[in-house]
Amino acid sequence: MTPIIKADGLTKAFGSHIAVDHLSFAVEEGEVFGLLGPNGAGKTTTIRMLSCLIAPSEGGATVASYNIAENPLEVRQTVGILTENPSLYERLSAQENMDFFAEAYNLLEPEKKASRIRELLEFFDLWERRNDKVATFSKGMKQKLAIARALVHKPPILFLDEPTAGLDPESAKEVRDLMEMLSRREKHTILLCTHRLEDAERLCNRVMIINKGRSIVVGTPNELQNLIAGKPTVRINLQNLDSKIVETTKRLHHVARVDVDESASSLTLVLDDVRLGTPEVVKSIVNAGGLVLAVYVVRPSLEEAYLQIVREERK
Amino acid sequence: MRVEKAVLVFKKDWIETRRNWQVILPIIVVPLMISVFLPVVLGLIPSFAVSQGSGLNGFETLIRNLPSHVQEQLSGMTETQVMIYVMAIYFFAPFFLIIPLMASSVIASDSFAGEKERKTIEALLATPISDGELFFGKMLVSFIPSMIVTLVSFAIYTAVFDIIAYGLFNGMLLLPTLDWILMIVGLAPTVALASIGLTVMISAKVKGFREAQQISVVLLIPILALVFGQATGAIVFGPLVIVALIGLFGLVDFAVFRTGVKLFKREEILTKLA
């Protein structure tokens, strides 16, 4: 399958400072791909190059088969972008902002434009406030409107730069929920720049950790966690531990190894996929007559994995 | 270039501008004051000067350089009439080249620099609107209001002056003349476009609105030179001079637009975000 986004040795230098250093990656259609990295890692510069806002110093990329150097207008038409700042016109109403960007992105037929804007404003719970000036909106509402703006022309590709940055936990969760719904409902290919690991863990199919403009590692969140901790381990405390339960768990598909601690009445299982394996193990223990007291996943979170990878890179 | 995209940028910016009274008030009030104030001064100063015995002192060079058919017209007039006529028709004419420049300078300075300051520029630059369309749209939002203000100011100036001069010139309506019409509908727009184009170019290059406005003040210098040239009689705005200037500024407009689009760099704008 041809990737919908393909970066090949993408490099950007500002004077002597190299912001992005020979970055190569590919994103498949429908995938949510996360760019993770500390501040100044080169995430925003990468998105700006891919959306033809700035030109690479070296290397190149294609977005929906369009070359970013040769077809900037086509690339911009194909992507929806949420910039670091909401970039909304505060003296205009939500409706006026949406009208402007819809027409800028060539959504010109009045009926189609009106229905798309209504659909988005209702989806983001902003329809009742559509005639209010954006200056009166809360930060969370502005962020939702900025995401709605990015979606107005139904772009197949979305670039989201720190979509939950600066939001209070409630608004951040709301935006995260909306992004999850969007990726499921509208099947967009999403390139998500973030340093919020919970966003990446929940939304991304794959992530790439970058630091000082260079790619450190690419993989699924699960693979990155495994990279640090080896295979994930689950400890299960039981009220009654017997050989039948042990034998049942050993035969399960996702279980690589089972260690038994009879004195603590617990099993420690090495799984190849903790998300798929854990429910399967618990279900089989219960079916075998076991009474489960507690289940612990013994592994680093994506955040711990990320921190360790970045720390090692800095060394 | 898709003109409808430039018009879209104009419409968006105009809605924003007309909701900002800090921008709108100086654009409207100052030119309107000038267009009422100048003809009132005309009604008072010449008679004051004559009563002081200064007569046509200071206007001799200007009068001497006027076309012969105008001088013939003046020969039948009193000193007061000559003074009012010369001031109204020739002396104040170049002021109406300053009005569109004054009216447009605030909006043109704000065009890109203001968007940088308000951090709205990145989403605008990310749209599939080309450099030429963006640049032209930003020029339109300064040009159209400034020309409306100029035309309205001219209409008021003409009306007030004709009312004041009606009795003094035995019921003759002196304005508008061919020179004035050429200047208002031909020279003022071409001069304004050149100045707006240069100011928008500056606005795209600098970090903020104030910086853009301070630099763009320099653009008034050539127009002030025309004002003083006319006042001292060095240049007289006859029809031929005006048509020549329209042609010259038309070429300047074209060159400014081409250069502005060529120098328009999205990357440079983004890296200069305030």
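This is a predicted model: local features need pLDDT of at least 70, side-chain atom pairs count only at pLDDT 80 or more; totals for chains, interfaces and linings use all residues.
Let me begin with B:Glu122, which counts as buried because its relative accessibility is 6%, where buried means under 20% relative accessible area, exposed over 50% and partly exposed in between, with a 1.4 Å probe and protein chains only. Residues are numbered from 1 along each chain as its sequence is written, chains are lettered from A and ligands numbered from 1 in the order in which they are written, and side-chain values use heavy atoms, with hydrogens and water left out.

B:Glu122 belongs to helix α7 of chain B, residues 121-125; helices (H or I, at least four residues) and strands (E, at least two) are DSSP runs, numbered from the N terminus. What does B:Glu122 touch, once its neighbours within four places in sequence are left aside? With contact taken as heavy atoms within 4.5 Å, the partners are A:Arg48, A:Leu53, A:Thr83, A:Ser87 and B:Leu270.

That brings me to the interface, where 28 residues from chain A and 26 residues from chain B take part in the contact. The two chains bury about 2,700 Å² between them, 60% of it on carbon and sulfur atoms; buried area here is the accessible area (1.4 Å probe) that two parts lose on being put together, summed over both. On the side of chain A, the residues that lose the most area to chain B are A:Leu53, A:Tyr89 and A:Arg91, which together give 26% of what that side buries.

Turning to chain A as a whole, its secondary structure comes to 11 helices and 14 strands, and its C-alpha trace spans about 70 × 50 × 35 Å along the principal axes. Of its 315 residues, 53% are buried.

Within chain A there is an open sheet of four strands, in the order β12-β13-β11-β14 and with antiparallel pairing, two strands being paired if DSSP finds at least two bridges between them. β12 (255-261) and β14 stand at the edges with a single partner strand each, so one side of each is left without a neighbour in the sheet. The twist averages 20° from one strand to the next, with axes fitted as lines to C-alpha atoms, for helices over the stretch in contact, and angles running from 0 to 180 degrees between N-to-C directions.

Strand β11(A), residues 233-238, is mostly covered, with five of its six residues buried. Five bridges join β11(A) to β13(A), residues 266-271, and there A:Thr233 has A:Val270 as its bridge partner. Towards β14(A), residues 292-298, there are six bridges, with A:Arg235 partnered by A:Tyr296 and A:Asn237 standing opposite A:Ala294.

Finally, back in chain B, helices α4 (residues 68-75) and α5 (residues 79-91) pack at an angle of about 145°, with their axes 10 Å apart. The contact is made by B:Val70, B:Gln73 and B:Leu74 of α4(B) and by B:Val82, B:Tyr85, B:Val86 and B:Tyr90 of α5(B).

Elsewhere in chain B, B:Ile163 lies in helix α8, residues 131-168, and counts as exposed because its relative accessibility is 64%. B:Ile163 and B:Pro39 are 124 residues apart in sequence and 9.4 Å apart in space, C-alpha to C-alpha.
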